[in-house]
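Here is a short report for a reader new to this structure. Please look over the sequence and the 3D view before reading on.

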Amino acid sequence: MEPDSELHRGFRLGEWEVRPAEGLLIGLQGRRRLQPKCIDVLMCLVEHEDQVVTRDEILRTVWGERAFTDEPLTRCIGDLRKALGDNREKPQYVQTIPKRGYRLITKVIPLSPSEPEPEPEPETAPAPEAKPTYFSALATYRLPAALLAGLAAIFTAIGLLSPTTNQNVQTTLTTNDHSIAVLPFEAMTSGTNNDWMGRGISEDLLNVLARIDGLEVAARTSSFRPSLQSMDIRDIGKELNVRYVLEGSIRRSDDRLKIAAQLIDTSSGYHLWSEVYNRTTSDVFTIQSEIAERVVKALKLVTPIGLSSEQFARSTESVDAYDYYLQARSFLDGPTTVEAISNAIRFYERALEFDPEYGEAYAGLCSVRLKAVGDNQAPDTMPAVRQACDAATKYAPESPLTRTALGKLRRISGELQLAEDEFLQVIEQYPAYTEARVELALVYAERGNLEAAERAYQEAIEVGPGDPLGYSHYCLFLWTNGRAAEAIPMCQRVTELQPGSAQAYSNLGIAYGVSGDFEQAAVAYREAIARKPSSLAYSNIGINYYYLGRYEDAAVMFREAIKLAPRNFTFWGNLGDALLQLPDQEQETAAAYREARKLAELDLEINPDQDFTLAALAHFCARLGDFACARNRLEASLAAESTEFYKYYYAALAYIQMDEYENAVAETMRAVEFGFPLEMLEAEPLLASVRGNERLTLLIEEETDTRK
């Protein structure tokens with residue numbers, strides 16, 4: 001369509017300024033980007049301001065001969081309403097005229113030629129408006145979004161309005177003279193008890209210092225990286241962008257403790273203060289407080305920093321409870337396998353036996369049980385999760401661990417506003433808490449506010465430039481939104497920050513795979529497997545083999561993934577799809593789909609509104625011949641307005657199995673319009689029957705040109 005040239009330049013629509021050529025809405029709530037087709041629909045309504053425009057007329061104008069269904073129009077109207085903040089029942093912008101069409105009811109005011117335009121802001125490359133929900137991003141079983149499974153915990157190894165590498169971020173930073181990093185205290189005697197005690201002391205010191213006004217403290221995930229151990233203190237300062245480093249050592253023998261601590265100026269390498277404490281284990285809390293006080297006194301030489309007794313408040317006075325609590329956390333420092341999660345739960349519960357009012361132990365228990373739910377290891381344990389979070393809120397309501405755990409629970413349960421409130425509270429109190437910023441970004445993404453999500457990722461990287469967590473999530477965010485080429489350097493940065501991390505290489509493999517470079521993806525996956533076999537690594541390499549047509553190898557990898565995470569429905573679905581391509585595997589294929597169906601239904605008991613899970617479940621049901629189940633789940637999934645391409649992909653698979661060709665083509669086209677990787681579309685054997693469709697072929701050609 002050719003919009004009026006004056007209106008094409010831009011116009012005001014209520015509180016919004018609309019820039020059609022750029023696909024932008026600009027208002028007090030920020031910038032909203034719309035897909036080109038949605039802009040075309042809006043312009044069609046604008047040109048017939050205050051008139052009813054029939055659905056057929058809009059379809060002919062915007063989609064032409066490709067208007068074989070009105071579903072794209074319904075979707076665009078929904079996206080317009082969401083972007084404008086409009087309400088279908090009480091519209092201020094777009095009114096639905098039942099059985100006829102739509103009418104724009106807000107006055108259109110062309111921009112004056114003399115009206116100054118707002119300062120341009122950094123823009124991303126055009127990206128599909130995907131809205132990943134927690135469980136869809138957690139376990140997308142064909143697209144390797146199993147990457148997200150437990151990111152908050154797994155990515156102790158791994159958004160920006162403009163794609164930015166860590167090096168670019170650091171070049172724009174200046175070191176604050178009032179900044180510090182706390183490194184893990186080194187264990188000087190054999191025995192893992194010294195390791196967890198040393199890390200625990202360091203973490204507690206970090207949390208205390210983070211509450212001091214005027215002092216910037218590097219995030220735990222940045223300063224606890226193993227790669228820092230071999231670096232010079234000056235290089236650590238540059239890497240973490242801090243002026244001071246607090247480091248130390250711990251020697252533990254029976255009930256005796258010897259702790260050495262030293263504060264170092266990274267600009268000169270000189271010590272500002274050091275001390276050795278020879279005490280008993282029962283004095284561990286006192287030692288922590290004394291170290292923090294001495295650090296603050298030393299820093300007072302540079303800046304007056306207030307310190308109150310509240311900053312030394314702790315959640316327990318039981319050394320035994322504290323010891324078990326630290327051991328529980330130590331199990332989560334590496335890959336969060338089923339065994340690691342089980343051990344962490346057991347030790348948190350042991351800590352609570354010594355102190356039934358230990359709030360942070362309850363917070364840890366809440367988070368790790370949520371992790372088990374997220375990995376589909378124990379989706380039927382939500383009552384236990386809520387009980388632990390409630391207890392954490394009761395006994396340690398202001399702890400960042402409590403607030404973050406509660407925020408995760410809110411997010412997983414679909415209470416996004418409450419989740420946002422929790423994470424914002426944590427960030428206000430602990431600005432360098434990277435995990436809270438990443439969780440906040442996930443909330444924004446689930447709402448479909450991708451610009452806000454990218455800003456949150458950017459801030460996560462800025463406050464923790466050496467923290468792989470922000471980069472890993474940003475990598476996921478980019479390829480989920482059809483920007484795989486931009487995701488690759490983000491994932492590569494994580495492998496630099498954590499060269500020993502299997503997860504980092506697995507994520508890099510995902511980025512390569514989504515971009516269509518399956519061979520390079522295989523290299524990355526093999527690096528992941530070599531470092532640490534895990535359910536995600538096996539699943540990801542299986543996905544890679546699947547797209548390379550190596551179905552037997554893929555099935556082997558999916559079985560290995562299932563051994564480690566038997567409650568993950570996506571792994572079972574992957575196995576079913578791989579076996580489907582092999583001869584004489586009918587019984588095993590059906591068994592895999594039955595298990596996938598059962599586990600997906602358990603997920604829906606936790607949150608019945610998961611678009612992705614509903615669509616995936618429809619595919620499983622269709623493959624099992626239960627078309628009534630498939631239709632029911634498809635109806636529930638497609639009823640919600642969403643731009644998440646995963647669910648349309650799975651809907652297409654279900655329609656193919658039910659021999660509803662036109663519906664299958666329509667859903668495949670919707671998936672492509674919202675960013676489904678074209679390379680995967682070409683390699684997916686289950687979509688072979690629709691790939692030759694003329695309308696789909698034309699759309700693929702358009703998308704190929706757009707995505708270049």
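## Disulfides

A disulfide is a pair of cysteine sulfur atoms within 2.5 Å. This is a predicted model: local features need pLDDT of at least 70, side-chain atom pairs count only at pLDDT 80 or more, and totals for chains, interfaces and linings use all residues. Residues are numbered from 1 along each chain as its sequence is written, and side-chain values use heavy atoms, with hydrogens and water left out.

A search of the whole structure finds 3 disulfides. Counting bonded cysteines along the chain, the pattern is 1-2, 3-4, 5-6. Helices (H or I, at least four residues) and strands (E, at least two) are DSSP runs, numbered from the N terminus. Buried means under 20% relative accessible area, exposed over 50%, and partly exposed in between (1.4 Å probe, protein chains only).

## The three pairs

C366 and C389 form a disulfide, with sulfur atoms 1.9 Å apart. The pair links distant parts of the chain: C366 sits in helix 14 (residues 359-374) and C389 in helix 15 (residues 382-395), 23 residues apart. The torsion about their S-S bond is about -60°, so this disulfide is left-handed. Both C366 and C389 are buried.

C475 and C491 form a disulfide too, their sulfur atoms 1.9 Å apart. C475 lies in helix 20 (residues 468-480) and C491 in helix 21 (residues 484-497), so the pair ties together parts that are 16 residues apart in sequence. The link of C475 and C491 is left-handed, with -75° about the S-S bond. C475 is buried, at a relative accessible area of 0%. C491 is buried, also at 0%. In the pair of C621 and C629, the sulfur atoms are 2.0 Å apart. Both C621 and C629 are buried.

## Nonpolar cores

A nonpolar core is a set of buried Ala, Val, Leu, Ile, Met, Phe, Trp, Tyr and Cys residues joined through side-chain atoms within 4.5 Å. In soluble globular proteins, nonpolar side chains tend to be buried together. The largest core here has 185 residues, and L209, L246 and I291 touch the most other members. Helix 30 (residues 645-657) gives the largest share of this core, 11 residues.

Contact means heavy atoms within 4.5 Å. Not counting residues up to four places away in sequence, L209 touches I180, V182, L215, V217, L246, A292, V295 and V296. C76 counts as buried, at 2% relative accessibility.

V108 is in strand 8 (residues 108-110). At 8% relative accessibility, V108 counts as buried. Which residues does V108 touch, not counting those up to four places away in sequence? They are L7, F11, R12, L13, V46 and E49. V108 and E47 are 61 residues apart along the chain, yet their C-alpha atoms are separated by 9.3 Å.

At the start of helix 10, a side-chain oxygen of D232 reaches to within 2.9 Å of the backbone nitrogen of R234. Just after helix 10, N241 takes a positive phi of about 60°.

T266 lies in the loop between strand 13 (256-265) and strand 14 (271-280). T266 is buried, with a relative accessible area of 7%. Its side chain reaches the backbone oxygen of V242 at 3.0 Å. Leaving aside neighbours within four places in sequence, T266 is in contact with I233, R234, G237, V242, R243, Y244 and V245.

## Helix 12

Helix 12 (residues 319-330) has 12 residues. From its first C-alpha to its last, helix 12 reaches 16 Å, close to the 16 Å expected at 1.5 Å a residue. That expected span is 1.5 Å times one less than the number of residues.

Key
A polar contact is a pair of N or O atoms within 3.5 Å; within protein, one must be able to donate a hydrogen and the other to accept it, and residues adjacent in sequence count only if both atoms are side-chain atoms.
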